[in-house]
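Hi everyone, thanks for coming. I'd like to walk you through one structure today, going from charged pairs to a few loop residues. Have a look at the screen.

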Amino acid sequence: MNFLAHAHLSGTNEELLTGNLMADAVKGKSWRQYENDIQKGILLHRQIDDFTDKHTLVRQSKALVREHYGLYSGVVTDIYFDHFLASEWANYSDISLVNFSRYVYGILSKHFTLLPRRIKYILPFMMAQNWLNSYASPHELKRIFYTMDRRTSFRSGMTSAVTVMETHYDDLQENFRAFYPQLEQRVEEVLEVAKA
C-alpha cells in the first residue's frame, strides 16, 4: 500500500501515524531510537507491507501488470490501490478526503523534526501537489507516475501505468474491494495486540 492507505490505517494516534508514514525511510533496527508510539507506527507499516505483499489478491493484481513493469509491478499496484481507496473514500471514512489530507499534512508538519531526511525532503512536495487527494484522479495519477518514472531515469515505464490500469480496471478494482477490508481487519488485530 502507498501513503494514503498507510495514513488511513493509522487511526487517530498522531505519533503512530507519523511513524507509519516515515517508516520506509527508517532502516533496520534504527526504529528503536524513537518514542513508543512512533515505534509502533513504524512496525505497523512493516506489518501492513508484509500482509499486503503475501496476499493472494495483491499477487494477482501484480501479475496483471508484471509484463509491463517487472520489478516495479508492486510499486504500480500499490498506487493503483491508493487510487481505488481515494476514489471510493466515502466507503471507508466518515471524514472527507480533502479534510483527511489536510489532517495528515498537519500531523506530519507538527512532527517535522522527528522525520528522517528523505521524508523531510518529500513532505513539501506532497503538500504542494496534494498527493493524498490526487490519487482519486486518473489525470493526477499520470503526473504521479511520470514523476516516479523520471526518478528511475524512465527505466520503469510507469508513464503508461494509467493506460494499463484502465485496461485491467474492473479486475484491479474487484481485487482491491475484496482485499482492503481484510487489511483493515488485520490492522485492528495488530493494534489490539500493541495495546496489551
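Let me start with a question: is Arg-177 buried, partly exposed or exposed? Arg-177 is partly exposed, because its relative accessible area is 44%. The scale here is under 20% relative accessible area for buried, over 50% for exposed, and partly exposed in between, with a 1.4 Å probe and protein chains only.

Before going on, a word on what you're looking at. This is a predicted model, in which local features need pLDDT of at least 70 and side-chain atom pairs count only at pLDDT 80 or more, while totals for chains, interfaces and linings use all residues. Residues are numbered from 1 along each chain as its sequence is written, and side-chain values use heavy atoms, leaving out hydrogens and water.

Back to Arg-177. Its side chain meets that of Glu-88 in a salt bridge, 3.0 Å from N to O. Arg-177 sits in helix α11 (residues 169-195) and Glu-88 in the loop between α5 (73-87) and α6 (97-110), so this pair ties together parts that are 89 residues apart in sequence. Glu-88 counts as buried, because its relative accessibility is 9%. By salt bridge I mean a side-chain nitrogen of Lys or Arg within 4 Å of a carboxyl oxygen of Asp or Glu. And helices are DSSP runs of H or I with at least four residues, strands are runs of E with at least two, and both are numbered from the N terminus.

How many salt bridges does the structure hold? There are six. Another one joins Asp-53 and Lys-62, whose closest N and O atoms are 3.7 Å apart. Asp-53 is partly exposed at 39%, whereas Lys-62 is buried at 13%.

A further salt bridge pairs Glu-140 with Arg-143, with 2.7 Å between the closest N and O atoms. Both residues belong to helix α9 (residues 138-151) and lie three residues apart, about one turn of the helix. Glu-140 is partly exposed at 23%, and Arg-143 is partly exposed at 27%.

Now to charge on the surface. Which residues gather in a patch of positive charge there? They are Lys-27, Arg-46, Arg-118, Arg-150 and Arg-151. A patch takes residues with over 30% relative accessible area and no salt bridge, joining like charges within 9 Å and nonpolar side chains (Val, Leu, Ile, Met, Phe, Trp, Tyr) within 5 Å. Lys and Arg count as positive, Asp and Glu as negative, and His and the chain ends are not counted. Each charge is placed at NZ of Lys, CZ of Arg, CG of Asp or CD of Glu. The areas come from the Shrake-Rupley method with a 1.4 Å probe, and for residues only the protein chains shown count as cover. Lys-27 is in the loop between α2 (14-22) and α3 (36-54), and counts as exposed because its relative accessibility is 59%.

Over in helix α3 we find Gln-39, which is buried at 18%. A polar atom of the Gln-39 side chain lies 3.2 Å from the backbone oxygen of Arg-32.

Last, two loop residues. Asn-130, in the loop between α7 (117-128) and α8 (131-134), has a phi near 50 degrees, a positive value in a residue other than glycine. Ser-153, in the loop between α9 and α10 (161-167), has a positive phi near 55 degrees. Asn-130 is partly exposed at 26%, while Ser-153 is exposed at 53%.

Key
A polar contact is a pair of N or O atoms within 3.5 Å; within protein, one must be able to donate a hydrogen and the other to accept it, and residues adjacent in sequence count only if both atoms are side-chain atoms.
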